[in-house]
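Subject: Structure handover

Hello,

Here is the structure for you to look through. My notes on what was found in it follow below.

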Amino acid sequence: MLNIFRGFVLLLLSCMGAAHAADTGWLTSPQNDHARVRFQAERSDNQLYGLLTVELQSGWKTYWRSPGEGGVAPEIHWQNGEKAQWYWPVPSRFDISGLTTQGYHKQVTIPMIITGGQSDVLTGTLTLSTCSNVCLLTDYPLRLDFNQPVDAHFQDAFEQAMRTIPAESGISSDLSAHLAGSHLVITGTTDGEWRDPQIYFDPLEGGFIPGDPTLKSRGAELVVTAPITDEWGDNATTLAGKSLSFVLSNQGKAQQVFLTVGADQVASGALDAMPTNLVQILLFALLGGLILNLMPCVLPVMGMKLNSVLQCGTDKRRIRLRFLATSAGILTSFALLAAMVTGLKLTGAALGWGIQFQNPWFIGLMAAVTFIFAINLFGLFEMLLPSSISGRMATAGGNGVVGSFCEGIFATLLATPCSAPFLGTAVAFALAAPLLDLWLVFMLLGLGMALPWLFVALVPKTALLLPRPGPWMKSLKILLALMMLASSLWLSSLLAGHLGSLISGMITFILTVAALLAFIFSVKRTAPLFWLVVIVLAAFGGYQLRGLWQDDVGTSAAAPGEQIAWQPLSETAITRAQAEGKRVFVDISADWCVTCKVNEHRVLNQPEIIAALNQPDVVALRGDWSQPSGLITSFLQQRNRYAIPFNQIYGPGLTDGEILPPLIDKHTVLNTLKNAKG
């Protein structure tokens, strides 16, 4: 609105052909030889456009509209009761006698619009407070005669002054505020990076005045903390629901911000709770990458690598080369992820761990690739293709160095739907950090994930502890193919959120039938597990076909009490529940998040948890991040989290909310819910 109004004012000024103007000239006072003032005005229709210019000697200052902990803002009392709307340029912050104040030094020009002045002569008194080691309160009489000549450059000067007024947007659209103990905390993000951000507060409702703020920024993340007291010096007991106004500046731009303060919290900013020691973060990244190897997402690729080791026999050189190639594939993938995140960060797009699984094209590609790997393990290529071509595919894409490199790439891509301990902290730091730190963290994540593979490359004897090759390898190869096929079918099921359950079900059914036919034509009927695999795939295909024809209306829903009464996730819902003295359980998951599904099966679907979350004083809120969601992205970023699963519990005893570890258990959830009662 301010931008539109500013443009309207400038348009009026440019059209003032018969305007009348007045100028006081430079005014001084014998009681204050450290300042001089000038007031200019120009009339158009029923309004006056005025410019107040104040020049100060070095070391002297005057005040902004909100002086801070001391001082008096400039004010004009017009003799005939005229009203003025002041437009304040961005101030500076300075300390006087131990008080934090906001104002201007050297020179400032303040534009204003005056209504009610109809006579040819406008009179009033400017009261100006100026301070150095002492403070002076000086009155300047103003008399403007619109019949006298005036500076012909007034319109240009007014337009220039209006350009210094903070806009209503342009720096951040993601800001929130709350009271944490005796401090006001503001968190937010910006497009690009924060560089020397500054903030200037207006008093809050009730006369609460923020003191000298502390600003901490890391990349696109900003946390502002400021002590806050009333005019008597007493701490605030609550700020929830109060209106907050401030000016925020960054890289030479300024924005006027109006917020409603959120629910009071105990902890300070999310950025403060995050480790700031880069060495510690890099250690977390290394451990997080290492633990990723234990996540269920990576198991299919582990199976492929096991198969390649069996193919190598006792050739230590081949084992070393292939595990080194796999490690190189992992590190290359993390470098590509870092490059992708860098691009997203520079364009201001949403950031998060595993968000590529929100893209249906990526899911489809991964489903196709894992399916090809599965039928390759069945041996279909060797049967249907000429020997020369199948040999090349086996060497380049399956058992050779290039194939091992590809295994490392797919291990990384399949690992991203999983969240491991230490991983979330490292990723959160990386996504909010400068680009150099971001690349360091991602490469340490890759190194951590590659450590087991590098260990085998350095000590090939560990891979030779497997039993000697024999007939059992055929059964193992079939089991590994089934693992990869299960990954492909699971990925195809994720397309339901993008293409609909019918099309996704048809794709899954077609892949199942194709895998069954590939298995029948590739594997001898005398092979171990042949009929078992045929029966399993046929049964699964029949189940899929039944699901395609089944009417959703005919399905029976779980009885009340046998499932959690989830409600949509929002900050408002949390604030409302806390105001009612209730506990809140937050769960953010996605169809593609394997760790989320593990938590759901092991914990959230258990009777004890269902009963606990269905208590009258508990509100269960769920957010689905299967597809891009600005609300969920903002919710996670405000808590300095970029990966799921995400679980948090609020309550009278946990007003700031306690974030649970990625892999939850019943004991942790029940105990935290108990502690949340207070």
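The structure holds 2 cavities of 30 Å³ or more. A cavity here is a set of points, on a 1 Å grid over the protein atoms alone, where a 1.4 Å probe fits but cannot get out. Grid points are joined across faces, edges and corners, and a volume is the space filled by probe spheres set on the points. On that basis the largest cavity has a volume of about 90 Å³. Its lining consists of 13 residues, with G68, Q102, F201, I209 and P210 nearest the centre; a lining residue has an atom within 4 Å of a point. Strands β5, β9 (99-105) and β16 are the elements that each give two or more residues to this lining. Sorted by class, the lining has 5 nonpolar, 5 polar and 3 charged residues. Nonpolar covers Ala, Val, Leu, Ile, Met, Phe, Trp, Tyr, Cys and Pro, charged covers Asp, Glu, Lys and Arg, and the others, Gly among them, count as polar.

Please note that this is a predicted model, in which local features need pLDDT of at least 70 and side-chain atom pairs count only at pLDDT 80 or more, while totals for chains, interfaces and linings use all residues. Residues are numbered from 1 along each chain as its sequence is written, and side-chain values use heavy atoms, with hydrogens and water left out.

Now the chain as a whole. It has 21 helices and 25 strands, which are DSSP runs numbered from the N terminus (helices: H or I, at least four residues; strands: E, at least two). Of its 678 residues, 49% are buried. Buried means under 20% relative accessible area, exposed means over 50%, and partly exposed lies in between (1.4 Å probe, protein chains only). Among contacts (heavy atoms within 4.5 Å) with a separation of 6 or more, 72% join residues 24 or more positions apart.

Next, the salt bridges. How many does a search of the whole structure find? The search finds 10, each being a side-chain nitrogen of Lys or Arg within 4 Å of a carboxyl oxygen of Asp or Glu.

One of them joins D202 and R65, at 2.8 Å from N to O. D202 lies in the loop between β15 (198-201) and β16 (209-210), and R65 in strand β5 (residues 61-68), so the pair ties together parts that are 137 residues apart in sequence. D202 is buried at 10% relative accessibility, whereas R65 is partly exposed at 27%.

Another salt bridge is between E159 and R163, at 3.8 Å from N to O. E159 is buried, with a relative accessible area of 17%, and R163 is exposed at 55%.

D591 also forms a salt bridge, with K597, and the closest N and O atoms are 3.7 Å apart. Both partners are partly exposed: D591 has a relative accessible area of 33% and K597 one of 35%. D591 and K597 belong to a network of salt bridges that also includes E600.

Last, a single residue to look at. T125 sits in strand β11 (residues 121-131) and is partly exposed at 30% relative accessibility. Leaving out residues up to four places away in sequence, T125 touches E75, I76, H77, D139 and Y140. I76 is 49 residues from T125 in sequence, but their C-alpha atoms are 5.4 Å apart in space.

Regards

Methods. 1 Å grid on protein atoms, 1.4 Å probe; cavity = no way out; pocket = protein on both sides within 12 Å on 5 of 7 lines; lining within 4 Å.
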